[in-house]
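Work through the following exercises with the model open beside the text, and try each task before reading its solution.

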Amino acid sequence: MRNALMAGLLAAVACGIVGVYVVVKRIVFISGGIAHASFGGIGIGYYLGINPIIGALVFSLASGLAIGGITRKTRLSADTAIGILWAVGMAVGIIFIYLTPGYAPDLMSYLFGNILTVPMTDIYLMLGLDLVIISIVTIFFKEYLILSFDEEYATAIGMPVDILYFLLLAMIALTVVVLIRVVGMILVIALLTFPAAMARLFTYDMKKMMILSVIFGFLFTLGGLWISYELNLPSGATIILLGGVVLALAFGVSRLFVKKAAPDKE
Amino acid sequence: MKNENEIVKLQNIRVSYGGVPALEDVTISIFRHDFLGIIGPNGGGKSTLLKVLLGLVKPDSGTVSVFGKNPEQARSRIGYVSQRPVFDNNYPVSIWDVAMMGRYGKAGIMRRYSHEDKAAVERALKRVDMFKYKDKQIGRLSGGQQQRVFVARALVSEPELLLLDEPTASIDSTLQAEFYELLGELKRNLTIIMVSHDIGAVSIYVDKIACLNRQLYYHGSREITAEVLEATYKCPVQLITHGPVPHRVLKEH
């Protein structure tokens, strides 16, 4: 249970911070592609007998960079690149799991997450990845504020736009790995978007949005964990459903307010 | 021999997008404290020319020199206001932070914004009369107000060359005159290149005019002849005068 709480907190930090960029830069499906492609790494991890999470780390980083490379350097559009990597990654994973002799233990927890069974080694890995993400965002905060606002302008003022974009994809890849153990690779994009979308309702300051988003992410994980324990439901899916319901309610309430406040806009 | 005052030098620039020519054989020199208006029909390559100066578009052939260097190296000395910045109106950023983006070139990577940066932002926002809105979110402003903020963002970098792409396109007409007055003040310390299809305004406020429709019909002074405009717009035009008289371009009936 202590591991579960720590895993939840570490996941909330990663998805809260990186999710804000994913939401404001509208790259939710790039994140989905990276998440699914990481399954190839999980399969190879099983096959080689190493920790599948390490395989996922390598694979999600590689697929993030590949999506970036394809969209920036070739004529293929981003969603084509996403589609290709998404399916190829999954296929690689399925083949290698099939080739692995015997039964693949806790395969389901990689697919759909199980916050209650996160081992201590993975907690340390998640902590390390969180620290990497926090450092990158702290160092390049003002760069990303400009880049995700107006990329043409960022290029015009001489910012290394391509390098920063690849770095952002790498951060998404790391976040996917942090989240896999908690909600599973299939549900990762939900935790990347819900908390940030929710935070956006309350502030238009990027820093505050990140802090709020981390808090919401943690509340969703805690709440979902508690509900799943009480009702004996799978934790990953419960966390996501709780997030979805809360977000829908919040949007509904905020629309009521916006209608009242609308005349304020010129 | 290099001329110190020659800020921009384009020679035989040719740009095409997927085989369709956008600029053909464009040669022009722009000098310190010029206020150059570039006019021409839509799709005539006006925005492309500015992007060549910024190094955002690489010409197929020809040479570009800005401050005697290639465009990438000169970027920190250029302020740029794009035609219609593409951004999300819900983007979480305040007016103050948008203007601060212009200081990035000065602050550079891995450096925090200093008191000097903040002072520059305050000055620029006051100059375009947007300081009172500094804490508002960018999406809450009208198009014209947003445009002023983007001008402020270009000014805070203390550029030597200011590029404006249709700056008045989203400003209502009462604010346009005010906006041109502002440019009139700015041109004392700056070199300005403004792209516009507002021939009337351009001929009142700018010092030099170039007409662009794939090829450049450069005229130098702001007195455009009917022949130049005809060549640019590929259609007969009403005689163009300058001064307070309104100008019109008419299609052949």
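A charge is said to sit over a ring if NZ of Lys or CZ of Arg is within 6 Å of the ring centre and within 35 degrees of the ring normal. This is a predicted model, in which local features need pLDDT of at least 70 and side-chain atom pairs count only at pLDDT 80 or more, while totals for chains, interfaces and linings use all residues. Residues are numbered from 1 along each chain as its sequence is written, chains are lettered from A and ligands numbered from 1 in the order in which they are written, and side-chain values use heavy atoms, with hydrogens and water left out.

**Exercise 1. Charges over rings**

Find the ring over which the charged end of A:Lys142 sits, and the ring over which that of B:Arg153 sits.

Solution. Start with A:Lys142, whose charged end sits over the ring of B:Tyr113, 5.7 Å from its centre. Then turn to B:Arg153, whose charged end lies over the ring of A:Tyr153 at 3.4 Å from the ring centre.

**Exercise 2. An aromatic pair between chains**

Describe how the rings of A:Phe149 and B:Tyr91 are arranged, and state whether each residue is buried or exposed.

Solution. Rings of Phe, Tyr and Trp (its six-membered ring) pair if their centres lie within 6.5 Å, and planes under 30 degrees apart count as stacked, over 60 as edge-to-face and the rest as tilted. The structure holds eight aromatic pairs over all chains. For burial, under 20% relative accessible area means buried, over 50% exposed, and in between partly exposed (1.4 Å probe, protein chains only). A:Phe149 counts as buried because its relative accessibility is 3%, and B:Tyr91 counts as buried because its value is 1%. Their rings form a tilted aromatic pair, 5.1 Å centre to centre with 55° between the planes. The pair crosses from chain A to chain B. Ring pairs also link A:Phe149 and B:Tyr91 with B:Phe87 and B:Phe150 into a cluster.

**Exercise 3. A sheet in chain B**

Give the strand order of the open three-stranded sheet in chain B, and name its edge strands.

Solution. Strands are DSSP runs (E, at least two residues), numbered from the N terminus, as are helices (H or I, at least four), and two strands pair if DSSP finds at least two bridges between them. The order is β2-β1-β4 in chain B, with antiparallel pairing. The edge strands, each pairing on one side only, are β2 (20-31) and β4 (61-66) of chain B. Eight bridges join β1 (residues 6-17) of chain B to β2(B), and the bridge partner of B:Leu10 in β2(B) is B:Ile28.
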